[in-house]
Structure formats: C-alpha cells, structure tokens
Amino acid sequence: MPAFTEEKPALRHLSSIDGGLVLSVLLLSAIGLATVHSASSEMAVDYLPRQALWFGIGAALLVAAMSIDYHVLLDLSIVLYGAGLVLLVLVLVAGAAHGGAAHWARIGGWQFQPSEFAKLATVLVLARYLSGLNRRVLELTQILVAVAIVAVPMVLVLVEPDLGSSMMFAPILIGMLLVAGVRLRVLVLAALAAVVLAAGMWSFGMKTYQRQRVLTFLSPETDPLGAGYQVRQSKIAVGSGEMTGKGYMQGTQSQLRFLPVRHTDFILSVLAEEWGFLGVLTVLGLYALYVASAARIAMRARDRAGILLVTGLLSVLCFHVLYNSAMVVGFVPITGIPLPFLSYGGSFTLVNFVGTGTMLGVDLRRYVNR
Amino acid sequence: MQVVREHRDDLIGRVRLLAAAVTGLLVLIASGFWFVQIAQGDYYRELAENNRLRKLPIIAPRGLIFDRRGRLLVENLPSYNLMVDRSRTTDVERSLAFAATVLARPLGDLEDLMERYRGVPVYKPVLLAENLSLAEVARFGVEALEYPEFEVEVQQTRLYRHREQTAHVIGYIGEATPDEIERSAGAVSPGDVAGKKGVEKRYDAVLRGKDGSRVVVVDSRGELLREYGRVPSAPGRDLTLSLDLELQQEAASWLDGPDKVGAIIVMDPRNGELLALVSSPSFNSNLFTHRLQENDWQALLDAPNNPLQNRAMQNAYSPGSTFKIVMATAGLSEHLIDERFRLSCAGSTVIYNHSFRCWRKEGHGSVNVVEALERSCDVFFYHLGQRLGIERIARYARLFGLGALTGIDIPGEKEGLVPDAAWSLKARHQPWYAGETISVAIGQGPMLLTPLQMAAMTAMVANGGYRVTPHLVQNLPYPPPQKVSLDPQALALVRKGLWAVVNEPGGTAYTAARVPGLDIAGKTGSVQVIAQKVRTKAETLPFKYRDHGWFTSFAPESDPRLVVSVFVEHGGSGHNAAPIAKALYQKYLSIEASHAGVY
C-alpha cells in the first residue's frame, strides 16, 4: 500500500473533487431555476424563490453527505432502511385514515415524501449486502435476497398508491445486480418474470386511471381531456420550439397554460419550447457529463462497496432522466416522474443533492484506507 | 487493517457498460427530440400558432343569496367585457381609435389603459372595457372581420340588489389574491373571484361552484370549429339567510344620511338567528364587482367614518349604563343584594374620598334594584360596584359573553375588552385602581364591547341564561344554546327592572320606546365622549363631542322572541337610540300581522 494511506482521511483531498460532476450539477440547477421561473410566470405562485431555497438546503446537505465516510453510512444502512420502512407504513396508515392516497409525511409543518428517503436507504442496504458477497457472479439465493430488499419498500409505495415512485425502485435493483454480476440465464428468467409481473399488475395491481393512461398512450385520441391532452400539448410545445426556440418566457404553449404541471413533470417541454433543440441538446449533454463523471467515480472507487453505492445512486438518477425526457416527446406513458435538478420539488431536489454528495464522498476517499 | 482481494475489475467493466448503455439511450432520446423539433417542427409550429386546441373554462354560476322569506338579495347577471388580443393587429392605434368611437370614450383613456399592459405578453388578451351595452357588443360582433383583435368576454357579475342596506352582512367578491388561491388548495385559480367580506367570504366554498372546462378545436381566427371534449361545471349552492329584508331595510333607513353613524342588531334570542344587522356608514357592494375601479376604492378609503368597517362587530365601545344589566345580575347572584335591599341616592356619593355624581343632580331617593335599573340610578351601582370588586364584575361580564368572540358567521369580529387587575398589569403596567371599579360599575371605564356582544348579552337576559351564537345562515350545525351559570331568579328580577325602564312612567325609555300592546324590556346607556364638568344639552354641542347612545332591548317580556340593540355614535344619549328600536318592534309587528305566524 502507498505511504499516504496512513494520513488522516477525508477533506485534504478537496482539490481532487470531481469537476465534471460539480459543473454539471451547477449548470443543471441554474437552468432549472430559470425554467421553473418561466414555467410558473402565469401561475398563482412564482416557484423560483422556493426552488432556490431547496437548492440552498440541498447544497448544504451535499456538503454534509460528502463529509461523512460512506462506510459509516453503510454501517448505519440497516437502521436507515428500517426507519424508511416505518415511515412508509406510517404514511400508509395515515393515508388509510384519511380515506385516500397520501404520499406525504408531515413533520412539524414540513412535508416530505418518505419514498424518496426510502430510495436512498435501499441503495445503502443493497450496496452493503452485495459488497459483502465477494464473488464474480451471484448465486440465485443471493439474488433473491437482493430482490427482497428492494421489493419490500417498493410494494409499500405501490399500495400507497404511487405507481410512479414505486417504479423508481426497479432501476436500483437492476443497475446494482448487473454490476454485482448475474449470469445470462438469470437475466433471461428475470425478463420473463417481468412480463408476467406486468401482466399481473395490469389485471390486479393498477387503478382504472393508470390503465387509462397506458391505453391513452397507445391511442391518444381516446382521452382528449386527460393524459392524451397532456401528451399532445407537450409535443406541440416541444415541436414548435424547433431548432433555437421561441425565446425565454416566450413559449406560447407554456405561457398560455396549455401545458399541465409544467413546473414539475413537464419542465423539459417548457425548456424545449423556449430554447429549442439546441437547449435540449445542452441539457441532455449535461446529463451525459453527469453520468460519465459518476461512472468514473464508481470505476476508481476504493472498494466494492463504493462502486456499488455509486452505481445504485446513478441508476435511480438515470432512470428519472431517461423516463422523463422520453415521456415529454411521447415515447413512454405519462407518469409523475420528475427531472433531476430541473423539476420543481422539495424532497426530490434534496435527494438528488444528497446522492451527488455521497458520490463525491466516495470519490474523496478513493485513496484512503479504512 | 485488513486488505481483502476484491473482485473489482469485473465490476468496473460492468459499470463502464452501464454508463455506455445510458449514454446510448440519451442519444436515442436526443434523436427523438430531433425528430419532433426539427423533422416535424413545421407541423408543430403551425399547431402551436393556430392553437388548434383551446381549453376554455365553463364558469360555474355562484350561488344566489335569499332572505328568510325567499326574497332575492344577491343574483348573477351576465356582463360583457371587451378584450383585445394585440398580436392580432398590426396597428394598435387604429384598433383603439375604433374602440373609442364605439364606446364613446376619449381615446386618451384607452391609450393610458394600454400603457399599463406594456409588460403583458402581446398574445395574452387584455381587458379594455367592462360592462358593455348590448348595442356595443353587437358593434364589435359585426366588425369582427375588420377588427379580429377584439373579443367580447361574457362574465357572470354579482348584483347586490340592496347595495348599502345589506353590504356589511353580505360583503362582496373580488379577484382572488395569490394568498387566497394557495389556501383554497386547488378550488380557486388565478383570475377567479373569491368572497372578500361578509357572507360572501365566510361561505365562499359553498357559494362557489366548480368550474368545468371544454376543449375546443379552433381555426387560426379563433373561430370555434368543434368541441373536442367537456367536463361540466357544478353550480354553487344557494344560501338562505335568517335576515328579514323588510326589517333590515327599516333598520338601514334609520341610519341613512350624513352624520348617521352606528349599528343596529335584531336577533332571535331563542336561537341566535339575526333578522337584521346594520352598520352605518355603509358602501355599495356593487362597486367591487368590476376590475377597473381604483377611483371608487380610493374614495371609500378616504370617506369619513370608514364605511368599510362593520361597526356591529368590528368596533368596541363603552357599554355605558347598559352595563348595569351585568351589575344587577352579579349583585343578585352573589346575594350581596336582594329585591328588598334599598339604598338612598342623594345625587352624588363619596367613595374612596372621591365624589361620584349621579346623572340626576337631585338624586333618586330610596331605590331598590328594580327601580335603580328603571331610572338608571348611578349611585346605587357605584356602591354595588364597590362591594362586588373588579374581579367579580369581570367574571360576570365574561359569563355574559363579553371579552370573547360571539362566533358570528361573518369574518372579522372583535372581542372587546373586560378589564381586571391582571389586564391592568399586563397592558398598562400599573396596578388596577379601586376608583376605576366605580366607573366600570356604570359602564364608563376601560370596559369595551361590540354592538353584537351587546345583543348576545341581552339575549341571555331574555332567554333565561342561555348563550346563543349569532348567525346569518340557517340550517347549519351551530353550537346549541348553552346554559350559563347565572341565577335564574336574578335574571327574572333584572327583566322586571328592564320592563320598568320602558313601561313605568319613571323609566328612562318610557316616552321613547313604549309600544302599546307589546311588552318591551330594555336599557338605555350613554357614553361620554368628552368629560363634562357641567352637563350641557346634546344639541348645543358640536357633533363630534356629543355622547354615544345605546339602547338594548327585548320583547315580549314574558316570552322573548326578539332582541333589538341599537348603538348611535354621537347620538346624544340612549334616548335617541330607543326610538329606532321602537320603530323596529312596530315594523316587526306589522310583518308578523301580514305573515300571520310564520316566525
């Protein structure tokens, strides 16, 4: 081992912080603030100040997450995971008491989504479990344990009911298992199982409105006022932006209120309309930079745990980016999956910053022996 | 320190693969954007420019408001607004010139108005004129081909049929503020109206319907081609008030005119239903139904005596001699006095080395509690106050509901003030002076109550000690009349005294309020505005120095069905408030006669 392993850990290596990751987050956040302002200019409230506040808190949490040794987080992961499950159950019970869906927990006047917190805790537990299995490929029982770890919070979120948020747990499992190592035949089996599961979901697990959304996706004209209307308006907004866009705050589709939830799920439509294809390319390019930087961090991490932890965090974020951007151009059915660093949202913004901070923390400790 | 050989290299390879896959998908999605924005860009730009699909609101009519006999108080009328879409004209000057001719308004006015919309995006239609006549609407319709930039917007406007007479009760509506929109949790959208005051505000959620919407296909001119889908609206619910329009109008007429400042409340003491509630000066609620109204608003803010303030519940005043109702009940309940107890009034008395005068210089002679109420003898109550002490007085005042909100179902009520030693230390940072108790005993100290609290207090005397919640909307679950621990025998004696005030020749309201055939019981009160060494006749004093006058009453004495409380600012004394109550009782009798037994 090199000599500097004896040195004190952590932040003396600040100069070696990953510039690509930090730069992409900073630029995406700035673009997000400007677009949220434009998207909410015709709404009752300008969401810019609130989103700026979330970014401020997020930045502080990022530094905090970066400062904590991720091994400490992994040691705590079971406690955090347990706490996450308890919160999910509490929300479920409170929701049942109010006779309807409740994805929000309220702590002293502050609302947040426990499913966001549970996502982070699940990544930690899974990273800890898989990093302990020091082998080239996983055995079936090990894979099943991993599936169980993810399935418990996923099902709890699904019955809230919040289909969109529960889908977020799938990429955690897929990304981390793939990296941890699975045999080809297991992959084939899993794909088959997914088809069966999807069919089962369609028949028993989905609400009428969710089925309606899928049907609408397949033929948008059937539901002009609901999801079909949204896809159509989103595509009109995106398409009419053409190469260079209509200009900041000048998007007629966005400003004339054709677009629904344009400050959250459809923020990219607003951007595409006002900044055109070039604006979209810039944003997608920044996400590519983020992905490349995070992958680089994973690849140079000190241990299996670091690699898997970064992989899990990155998988969630990638899924958000891919699904949301594909939804906006009408590739996939509409569901409430926001775009990291661009969409307005409290818990969601914080989780993205904490995740990024954790990645940076893994990176800073790449030379450090525990 | 342990070093484990880990299978890292395999993992690293797979991470690289994963990142490559994600990047590949990003490229795929980017090509999707390329397809929509570049390859099909022309198509979508045309769609966006034509705005082929428009989502139009279907405005839900707001609920109507009726009085207790089903007479319409508030209705909705269609009103036409002229909107201009500046992106549809190349020559705004020409458009404005045309509009000015049709509307017969100076071109400069419209230009000034247009100047204010400088910051609004040009494709957003802006409001140019309100309340168009049907002839004007037709003119813009006929010229639509020549001037496509003008659009006539139909709106439901509130018409408050009785304007100033019901303004403080019903309130008004206006464009919802961002704050109201946020608090409504989705029920109110920008551009919607919301109740701002009175019943309109308190029952906004009931009166407001749920707007529907329809998606229509329009051509590039904005002409409707066909309907694409529709969500119907749900109209707001109508409200029936306990108000009796005839009584309300009679009451309003008594406080109508310059220098008529005050409040009148008519209430059913059995359940708290308000039959009339008037505050003067008032305002025309219809002024608020339009958006361009800055001058009118400023005029109201500048008007003397603040017409926007509901004096019946938002102003608190000294109770004056009406407070002797509380004093007598307290003395009797505490067994400090009984019906036989007598005290001699010589026109003044000395307590704590200070001389306190009775309003009647020559004195009242020997009086018991009934006579002391009848003639409003101050000396009797000075001594009773001394024996009760401020804490017991405050306790009974609170039992009568003073110092607390009555719970009336219109927003903005004030709670008044019941002073005691603790209050004095907290609010004034000085101890309570025993001498102040003597002033409070005749309702002159720091004690404050609203006319509405006065009516609620009077109702408790009338109904034998039940607290009722004054309210305007019927058939809602109000707290049921609540028994308060007041001695029923004490209240019976007080009622006897109040009956004497109106019906015995020596009573202070004998000439002013007696109605043959109806056993009215009541109490007068005056509130000094300035300290007077020598009593002068009210008429000789400048208006603003004249005393305020109270008269609070109920009838019939044996089975009370009506409480009438009148407060007249600078009315001189209670003698000037009493005739108003008398007129209202007479009105009530005539209404009752014409609707035999419907009350």
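Me: What percentage of the 370 residues in chain A is buried?

Reply: This is a predicted model, in which local features need pLDDT of at least 70, side-chain atom pairs count only at pLDDT 80 or more, and totals for chains, interfaces and linings use all residues. Residues are numbered from 1 along each chain as its sequence is written, with chains lettered from A and ligands numbered from 1 in the order in which they are written. A residue is buried if 20 or more other C-beta atoms, placed from the backbone, lie within 10 Å of its own. For chain A, the buried share is 48%.

Me: Which element gives the largest share of the side of chain B that touches chain A?

Reply: Residues are in contact if their C-beta atoms, placed from the backbone, lie within 7 Å. The contact takes 48 residues from chain A and 43 residues from chain B. Helices (DSSP H or I, at least four residues) and strands (E, at least two) are runs numbered from the N terminus. The largest share on the side of chain B, 21 residues, comes from H1(B).

Me: Which strands of chain B are at the edges of the open sheet of five strands?

Reply: Strands pair if DSSP finds at least two bridges between them. The order is E12-E11-E21-E20-E19 in chain B, with antiparallel pairing. Each edge strand pairs on one side only, and these are E12 (274–280) and E19 (521–527) of chain B.

Terms used: A residue is buried if 20 or more other C-beta atoms lie within 10 Å of its own, exposed if 12 or fewer, and partly exposed in between; C-beta atoms are placed from the backbone. Two residues are in contact if their C-beta atoms, placed from the backbone, lie within 7 Å.
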